[in-house]
Amino acid sequence: MTETRVPGALDADFTVVMDGDEVATMLSSLARTRRTFAWKCWDLDAAGLTTTIGASTITLGGLLKHLALVETDWFAVKLRGERYLSPWEEGDWDSGPDWEWRSAADDSPEELYALWKGAVGRADEMIAAALAEGGPGTPGRFTWDDGRTPNLRRMVADVCEEYSRHCGHADLIREVVDGRVGEDPPREFRP
């Protein structure tokens with residue numbers, strides 16, 4: 001297999017693929033949902049990242065940390081068989097399964113943005129390696145309790161769904177913070 005470059009959500013030259021093959025379309029969809037999510041969360045101070053609405057405890061900071069964990073879990077751990085790195089290996093998971101959501105309030109905006117960007121960059125490396133080895137059908141390095149093992153194609157679809165779900169949360173919160181609305185970031189947006 002030839003090396004496939006993963007189009008990054010953070011790339012200055014990112015454009016949505018409109019007529020690509022399966023891999024290009026799959027990766028473009030992932031990058032688009034990541035980029036939209038970043039736009040909803042970016043350029044906020046601690047107050048903006050800890051804003052909640054209604055009875056919900058979801059914050060943009062919590063979303064950043066949660067999606068950094070999702071990237072790590074799906075692509076580094078489940079796809080490639082890597083281990084969790086900091087801060088995940090030090091997390092207080094005994095206090096409850098949602099440690100990343102709660103602990104985000106203790107992190108600075110700079111820490112949260114760097115954590116998410118680092119997780120996305122590492123995930124892109126893991127995706128590119130899997131594509132080079134076997135394409136979108138490359139199996140993960142774990143098995144569900146029922147004996148099934150998802151492949152890269154399924155994992156990317158699941159992560160796109162996770163981002164899409166949380167982009168809806170981010171839409172509502174960001175509108176409350178400063179009125180930012182819209183589906184896609186402006187072309188000049190650079191996280």
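**Entry 1: a helix pair.** I began with α3 and α6, which pack at an angle of about 180 degrees with their axes 11 Å apart. That angle makes α3 roughly antiparallel to α6, a label given to angles over 145 degrees. Axes here are lines fitted to C-alpha atoms over the stretch in contact, and angles run from 0 to 180 degrees between N-to-C directions. Helices are DSSP runs of H or I with at least four residues, numbered from the N terminus.

I noted that the model is predicted, so local features need pLDDT of at least 70 and side-chain atom pairs pLDDT 80 or more, whereas totals for chains, interfaces and linings use all residues. Residues are numbered from 1 along each chain as its sequence is written, and side-chain values use heavy atoms, with hydrogens and water left out.

I then looked up which residues make the contact (heavy atoms within 4.5 Å). Among them are L60, L63, L67 and F75 of α3, and L152, Y163, A170 and R174 of α6. By class, the contact of α3 with α6 has 14 nonpolar, three polar and five charged residues. Ala, Val, Leu, Ile, Met, Phe, Trp, Tyr, Cys and Pro count as nonpolar, Asp, Glu, Lys and Arg as charged, and the others, Gly among them, as polar.

**Entry 2: the cores.** I looked next for a nonpolar core, a set of buried Ala, Val, Leu, Ile, Met, Phe, Trp, Tyr and Cys residues joined through side-chain atoms within 4.5 Å. The largest one has 42 residues, and F37, L60, L64, F75, W116 and L152 touch the most other members. At least two residues of this core come from each of α1 (22-41), α3 (60-79), α5 (109-134) and α6 (152-178). Apart from this core lies another, of six residues, including W99 and L115. Beyond its neighbours within four places in sequence, F37 is in contact with L63, L64, L67, W116, Y163, C167 and A170.

**Entry 3: W42.** I found W42 in the loop between α1 and α2 (46-49). W42 is buried, with a relative accessible area of 6%; buried means under 20% (1.4 Å probe, protein chains only). Not counting residues up to four places away in sequence, W42 touches L64, Y113, W116, K117, R174, R180, F189 and P191.

**Entry 4: cysteines.** How many disulfides does the structure hold? I recorded zero disulfides, a disulfide being a pair of cysteine sulfur atoms within 2.5 Å. The sulfur of C41 lies 8.0 Å from the closest cysteine sulfur, in C167, which is too far for a bond. For C160 the nearest cysteine sulfur, that of C167, is 10 Å away. C41 is buried at 0% relative accessible area, and C160 is buried at 12%.

Definitions and conventions:
Buried < 20%, exposed > 50% of the residue type's maximum accessible area, 1.4 Å probe, protein only. Parallel < 35°, antiparallel > 145°, perpendicular 65-115°, else oblique.
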